[in-house]
Amino acid sequence: MKSQARVVIIGGGVAGTSALYHLAERGWTDCMLLEMDELTSGSTWHAAGNIPTFSSSRNMIKLQHYGTQLYSKLCDNPDYPINYHKTGSIRLAQTRQRMEEFQHVSAMANAMGLDYEILDDQAMKQRHPFLEGHDLLGALWDPHDGDIDPSQLTQAYASHARKAGATIHRFTKVTGISRTSSGEWSVQTDKGDVLAEYVINAGGYRGAEVSQLSEKFLPMVTMEHQYLITESIPELAAIDQRLPLVRDPDDSYYLRQEKSGLILGPYEMKATARWKDGKIPDKFAYELFANDLDRLEWYIEKACERMPILGSVGVQRVINGPIPYSPDGAPYIGPTFGLPNFFQMNGFSFGICQSGGAGKCIAEWIIDGKPEWDLWSLDPRRYTDYADQKYVVDRAIELYQHEYAINFPVEERPAGRPRKVSPSYDRLAAKGARFGARGGWERAVWFARKPNVGDESPSYQRGVWFEAVAEECLNVRDNVGLLDLGGFSKFEVQGEGTSAWLDTLIAGKLPTVGRVSLSYFCADNGGVWSEMTLTRLADEHYMLICGAAAKWHDYQWLDEHLPTDSAIELVDVSDDYGTLVVAGPRAREVLQPMTQTDMSHASFRWLSCQTIQLAGIEVRALRVNYVGELGWELHVKMENQLALYDALMEAGSAFDLQDFGMYAMESMRLEKSYRAWKVDLDHEYSPLRSGLDRFVDLNKPAFKGRDALLAEVSSDLPDIFVTLLLDAGEESSIIENTDALYGCPILVDADIVGYTTSGGYGHRISSSIALGYVKPEFALDGTQVEINVLGHLRKGRVVAESPYDPENKALRS
Ligand SMILES: NCCCC(=O)O
């Protein structure tokens, strides 16, 4: 075995071999894969091998669709035969909400070049004669779906990579991982040590174990996933056509042909996690768990009703295999916080269909510094320190139970919570707050101030919270509101050279001392990497603020770019400070009596910062907010947060100060056309395409991404950011009661010209709003468009930015 390789991949399942294949395809052949047992011996060999492209995420559809194309290409090679059946799939809808999901996902996918179809009962029957569909509302046809032999796919990746010059060492156990003084990785194995520039952890259900070798906790747990294979069914043996795969998501199972029998795989409510303490037996390879068919009884009955031939034969085999799960069921593909050049590629609960796209993306992370597609929802840094072992187990069980649940735009699932609460949590709870977790922090999302609020279950329609949120927004507009924004991420940077250094990273101008500016950090391709609020506390001292979820992502970006030879100090102070937002026309009246500081507009201007005493408590007050009103963000030492909350509430009682929550904030930020990071902004879009030109200063001699932005200025942009107002629906109360959501196609004269990134209702302007991207010729104020919302074409129009208070009079008052 060589003692050196540019990249060492740990884990020889479908993911690890795909990484090796994709690196080799890009010419990186000095790569070595280490597998403790035989290739595929973890979760790959027993996987059902289904290949869905369906997802509620645009980028996951891209990733999975890429896989289907790659698998067809790999199958073209007669040297490595692969059993790949592109049968198409039928997803069944028992409920109106499920049909809405299908309408939404099919419109989104088809706008990206896929060709899903909505089927009625007859069309379903034509494609699948054995289905009982009389009770169904319809179905979704995915022609790209099917099944593949997972072991053959793995071997195909491996063979191609070997042929290109990459190496694979089976039965080679990694026993330690450490960083050398020269910044490389030393991977210790039972066959000797390997020095590597990069490490990819593709350890499957052992991914957390591998990560722990480098002292990094990775939130993952193993779940049992059972499926059964029937004996041969005469009706299937008699036909020469292979049936499409069926999913009945409302009853939570998949059902597909396997030879002349069927495979039935339920995601059951009695979900079972294994090795909950993270300790996996050393010798668990090519092994399964004991069957427990009792857990599946209900699902088997349901599937037999749906496809009666299933019940006509016995069970030939039951597979109960270990499948890795992250807390949100999505894999980890990307860098590891705090470990340079150490990448994760594991946590796949749908690994066979995702392996192709995952390999492409991990190769891009390593070779290009970032993947072509923005894959934040798969980034390992989306979980920070709050995600401990108990959290993972609780969330993974909940997720497994909801594997086929509809991904509604607003839903706050309870498992694993609360993790982090701000000091005023109990006060908010006592006032009827409903909470949602953001970056592990509990935040009030809305306040149920009236009794008997009704059914709080999620849906595509506006929920029971709608009227309460309207009241919160209107109180902010007319009086003043208070929002506890616990968990805002905050970093301090200071030391000689800080200003010059920051100036090379941000696209815009640095604020002057005492001033605040919203700043965009671009990648080399000019795409928006991070968005942070910069407050210049002194000449060489700044506070940087970003969202709770961005903490590790943004900290790592700053840290990676720190000059090695400078005295600049970067400190994460997120947990030291709480944040309370006071916003509304009466904000000044509330605050002024609490302080000696002159809070007038002349003395405390918009986009400025002062350290002040409020009710005797020291507060760093920033005159900014995300709701577009006169207001301040108050950053206060965590130990004083509750006292400040109480003092504000007391002082505000004369001015109708009321708490508001995240749903109200979301509504108000849409009315101001404020983009949300990783929702409306991502690294596939530059600040110019995102309509953020005012935050870009191309006259600066140098900053990261400048060359790409300059090139963009002189070329035609494919699309740009717009704000849209939707007309009130005319068709039914359901549509009137529904706002656009992420990924809705935008059309002009029946042609798709863009898609939405956010949607919601603006209570201050009494209109449904969407944000999104369209081709530049359709971005003019007044352009009439249609937006496909859950399959209904809603009329709307492009409007100038910030439909609420476009001149920012409230902010400047
Ligand atoms: N890993 C199981 C695949 C599930 C599905 O096909 O929906």
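1. The residues that line the largest cavity are Trp365, Pro371, Asp374, Leu375, Trp376, Asp379, Arg381, Trp529, His553, Lys678 and His683. A cavity here is a set of points, on a 1 Å grid over the protein atoms alone, where a 1.4 Å probe fits but cannot get out, and a lining residue has an atom within 4 Å of such a point. The lining divides into five nonpolar, two polar and four charged residues, where Ala, Val, Leu, Ile, Met, Phe, Trp, Tyr, Cys and Pro count as nonpolar, Asp, Glu, Lys and Arg as charged, and the others, Gly among them, as polar. The volume of the largest cavity is about 70 Å³, and the count of cavities of 30 Å³ or more comes to three; grid points are joined across faces, edges and corners, and a volume is the space filled by probe spheres set on the points.

2. A word on the basis of these values. The model is a predicted one, in which local features need pLDDT of at least 70 and side-chain atom pairs count only at pLDDT 80 or more, while totals for chains, interfaces and linings use all residues. Residues are numbered from 1 along each chain as its sequence is written, and side-chain values use heavy atoms, with hydrogens and water left out.

3. The domain assignment of the protein chain gives domain 1 (4–325), domain 2 (489–575) and domain 3 (716–799), with bounds that come from an automatic or database assignment. Taken over C-alpha atoms, the centres of domain 2 and domain 3 are separated by 34 Å.

4. Helix 3 (residues 96–111) has twelve of its 16 residues buried, so it is largely enclosed by the rest of the structure; buried means under 20% relative accessible area, exposed over 50%, and partly exposed in between, with a 1.4 Å probe and protein chains only. Helices (H or I, at least four residues) and strands (E, at least two) are DSSP runs, numbered from the N terminus. Among the buried residues of helix 3 are Arg98, Glu100 and Glu101, together with Met99, Phe102 and Met108. The 16 residues should span 22 Å at 1.5 Å a residue, and the end C-alpha atoms of helix 3 are 23 Å apart, which agrees; the expected span is 1.5 Å times one less than the number of residues. Just after helix 3, Gly113 takes a positive phi of about 100°.

5. Helix 12 (residues 466–478) should span 18 Å with its 13 residues, and its end C-alpha atoms are 18 Å apart, which agrees. Its buried residues are Phe466, Ala468, Val469, Ala470, Glu472, Cys473, Asn475 and Val476. These buried residues pack against strand 21 (441–447), strand 22 (480–484), strand 28 (577–583), strand 32 (657–659), helix 17 (662–671) and strand 35 (751–762), where contact means heavy atoms within 4.5 Å.

6. Some backbone geometry deserves a look, given that most residues other than glycine have a negative phi, and most peptide bonds are trans. A cis peptide bond, with omega of about -5°, joins Arg417 and Pro418, and Pro418 is placed in the loop between helix 10 (389–401) and helix 11 (425–430). Ser766, although not a glycine, has a positive phi of about 50°; this residue is in the loop between strand 35 and strand 36 (767–774) and counts as exposed at 54% relative accessibility. Asp805 also is not a glycine and has a positive phi of about 50°, but Asp805 is found in the segment after strand 38 (792–799) and is buried, with a relative accessible area of 16%.

7. Which residues does Thr172 touch, not counting those up to four places away in sequence? They are Met1, Leu34, Glu35, Met36, Thr189, Asp190 and Lys191. Thr172 is in the loop between strand 8 (167–169) and strand 9 (174–179), and is buried with a relative accessible area of 2%. In strand 8 itself lies Ile168, which is buried at 13% and, leaving aside neighbours within four places in sequence, is in contact with Leu20, Leu33, Leu39, Ala158 and Arg162. Ile168 and Ala24 are 144 residues apart in sequence and 12 Å apart in space, C-alpha to C-alpha.

8. Gly133, in the loop between helix 4 (121–127) and strand 6 (138–142), counts as buried at 4% relative accessibility. Leaving aside neighbours within four places in sequence, Gly133 is in contact with Asp121 and Arg306, and its C-alpha atom is separated by 9.1 Å from that of Asp120, 13 residues away along the chain.

Terms used: 1 Å grid on protein atoms, 1.4 Å probe; cavity = no way out; pocket = protein on both sides within 12 Å on 5 of 7 lines; lining within 4 Å.
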